[in-house]
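Here is a short briefing to read alongside the model. Keep the viewer open and follow the topics in turn.

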Amino acid sequence: MKYFYLSAILATGILSGDEPSGTLAFDDRTNITGSISSFDSKQKTIELSSPALKGKVNLNTKRLIELSLDGESTSPESDHYAIATINHHFNSKRQDTIRGRLVNLDDESITLDTWYAGELTLKRSMVTALDVYPQSPSFYDGPNGLDGWVSSDGDIEESWSYADRSLISKSRNGIAREVQLPDRSMISFQVEWKSSAYFHIMFLSSNSDTNYLRKGYSLNVRRSYVQLYRTGPDNTRSDLINKTTTNLRNREKATIRIYLDRRKEGTSAVFLENELLGTWTDLDDTKGFGDWLHFVPQNSQPIKVSQISITQWDGTLPVAEDEKNKSATEDLFQDMEGQTILLANGDSIRGSIDKIEKGKLYLKTSLGDIDLPVRRMSSVSLGDLETKAEPRMRAGDVRAWFREGGFITMDLLSFDGQSLHGSSQVFDKAIFDANAFSKIEFNVWDPDLDRFGSNFEW
């Protein structure tokens with residue numbers, strides 16, 4: 001059996017028939033479009049049919065970056081959407097999220113009923129957060145092109161270009177995208193510049209057609225100075241961060257992470273690389289804001305934006321928590337047995353879960369037995385994060401990105417173009433409908449792969 005790489009981009013046109021198709025992208029910039037028929041996890045090969053390759057071939061996946069999948073999926077309507085956030089793998093900043101209907105919760109496991117893999121039973125010790133929403137929140141990972149983005153001057157291609165999974169400015173006009181954020185999320189991205197850092201980022205913005213904020217947040221970076229301010233629904237401005245940082249000196253790029261808890265009792269923060277720039281709390285951002293995310297150059301020099309990731313966040317900042325800062329809710333329930341459940345209206349209740357049946361949660365409390373619709377829940381306290389187990393990093397791990405947002409990491413055992421058979425310490429083994437995923441990242445723990453086109457000259 002022969003394995004090989006191609007060093008040219010193969011344009012194959014539109015494939016005929018109903019065969020599942022996708023595009024393989026390798027780290028040497030090879031792109032091959034074709035129909036996937038099988039994946040051999042032991043031999044590290046993937047079998048593909050392509051008109052350009054004249055039949056079926058086996059390609060080595062050791063330098064494979066990702067497989068983009070064609071297809072469509074629509075999540076069925078549900079009375080609620082539960083999202084389980086999985087503990088991170090070692091020092092990875094990203095966290096898996098698994099979405100479905102909550103059908104069981106006990107001391108050992110959490111069971112979600114999904115349309116793409118049936119019932120998934122998750123080890124509770126590896127789940128850091130369990131959130132419930134009346135409607136499905138959206139996430140984002142990219143960029144994957146200019147589609148879905150708009151420019152403040154109305155001509156996106158005049159103001160911005162796209163290359164190697166990066167957005168590159170050609171003028172001072174900003175670029176924006178509408179992304180609905182759940183109550184707790186992390187916005188992460190990398191920004192590069194030519195001379196000095198001079199740009200701003202707006203989020204929860206109420207408008208798409210301007211470079212200036214009306215309502216929302218604006219993070220302004222000017223050389224080594226960083227400022228964050230908020231314009232509330234009542235047009236009141238609050239200055240939240242004003243800081244000079246040496247982290248921007250002698251740099252041409254930086255990763256910024258915004259941890260956003262929109263609830264009044266939540267704490268939000270901004271990190272530049274691993275430096276905490278500042279935190280803020282006691283602000284209610286759950287109503288009166290927009291869904292727009294902007295990147296805006298502030299001089300004639302171009303900026304490049306890449307590795308944009310919007311994911312679910314469990315609400316815990318990546319710094320040691322002060323044991324003195326326990327919530328009033330924890331103090332209130334410290335002598336009561338069971339677990340704390342936060343309701344959508346802000347109320348809390350503590351008790352032992354008896355069962356979940358037909359969309360209702362049955363709870364035993366010191367005040368008596370209570371039943372409530374799962375859709376009225378907001379989140380469940382799952383215990384001390386220090387006791388959470390980390391999923392093991394496996395050589396065969398892939399990162400499969402859901403079309404509806406978020407991703408799941410698993411050891412890919414087989415793939416026939418229609419379904420993925422994977423295993424994980426989190427859910428043991430499962431078979432997933434391939435239509436649920438927009439892409440599959442391979443070799444996710446290999447630090448030597450040029451995954452995001454860092455060698456691209458711009």
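How many residues lie between β8 and β9 in the hairpin that they form? There are three residues between β8 and β9 in that hairpin. Please keep in mind that this is a predicted model. The notes below start with the sheet around this hairpin, then turn to a second sheet, the nonpolar cores and the aromatic rings.

**The sheet with β8 and β9**

- Ten strands make up an open sheet with antiparallel pairing, in the order β9-β8-β7-β6-β10-β30-β26-β27-β28-β29.
- The edges of this sheet are β9 (118-123) and β29 (368-373); each has a single partner strand, so one side of each is left without a neighbour in the sheet.
- On average, neighbouring strands of this sheet are turned by 40° against each other, direction ignored.
- Six bridges pair β8 with β9 in the antiparallel sense, and one of the contacts to look up is Thr114, whose bridge partner in β9 is Gly118.
- On its other pairing, β8 (residues 109-114) runs antiparallel to β7 (residues 97-105), joined by four bridges.
- β7 and β8 also form a hairpin, with three residues between them.

- Another open sheet of ten strands, with antiparallel pairing, has the order β4-β3-β2-β1-β5-β35-β31-β32-β33-β34.
- Its edge strands, β4 (55-60) and β34 (428-433), each pair on one side only.
- From one strand to the next, the twist averages 40°.
- Strand β5 (residues 64-69) and strand β35 (residues 437-441) run antiparallel and are joined by three bridges.
- Within that pairing, Leu67 stands opposite Ile440 in β35.

**Nonpolar cores**

- As a general point, nonpolar side chains in soluble globular proteins tend to be buried together.
- The largest nonpolar core has 58 residues, and Leu122, Phe432 and Phe437 touch the most other members.
- Strand β32 (residues 407-415) gives the most to this core, with four residues.
- Leaving aside residues up to four places away in sequence, the contacts of Leu122 include Ala84, Ile86, Ile98, Ile110, Leu112, Val127, Val426 and Phe427.
- Glu108 and Ser109 are also among the residues that Leu122 touches.
- A second, separate core has 41 residues, including Trp160, Leu219, Val226 and Leu228.

**Aromatic rings**

- The model holds 17 aromatic pairs.
- Tyr259 and Phe271 form one of them, an edge-to-face pair with 5.6 Å centre to centre and 75° between the planes.
- This pair links distant parts of the chain, with Tyr259 in strand β21 (residues 253-261) and Phe271 in strand β22 (residues 267-272), twelve residues apart.
- Tyr259 is buried, with a relative accessible area of 4%, and Phe271 also counts as buried, at 3% relative accessibility.
- Ring pairs join Trp115, Tyr116, Phe402, Phe427, Phe432 and Phe437 into a cluster.

**Charges over rings**

- Lys439 places its charged end over the ring of Trp401, 5.2 Å from the centre of that ring.
- Lys355 lies over the face of Tyr362, at 5.1 Å from the ring centre.

Note on methods: Residues are numbered from 1 along each chain as its sequence is written. This is a predicted model: local features need pLDDT of at least 70, side-chain atom pairs count only at pLDDT 80 or more; totals for chains, interfaces and linings use all residues. Side-chain values use heavy atoms; hydrogens and water are left out. Rings of Phe, Tyr and Trp (its six-membered ring) pair if their centres lie within 6.5 Å; planes under 30 degrees apart count as stacked, over 60 as edge-to-face and the rest as tilted. Helices (H or I, at least four residues) and strands (E, at least two) are DSSP runs, numbered from the N terminus. Buried means under 20% relative accessible area, exposed over 50%, partly exposed in between (1.4 Å probe, protein chains only). A charge sits over a ring if NZ of Lys or CZ of Arg is within 6 Å of the ring centre and within 35 degrees of the ring normal. Two strands pair if DSSP finds at least two bridges between them. Axes are lines fitted to C-alpha atoms, for helices over the stretch in contact, and angles run from 0 to 180 degrees between N-to-C directions. A nonpolar core is a set of buried Ala, Val, Leu, Ile, Met, Phe, Trp, Tyr and Cys residues joined through side-chain atoms within 4.5 Å. Contact means heavy atoms within 4.5 Å.
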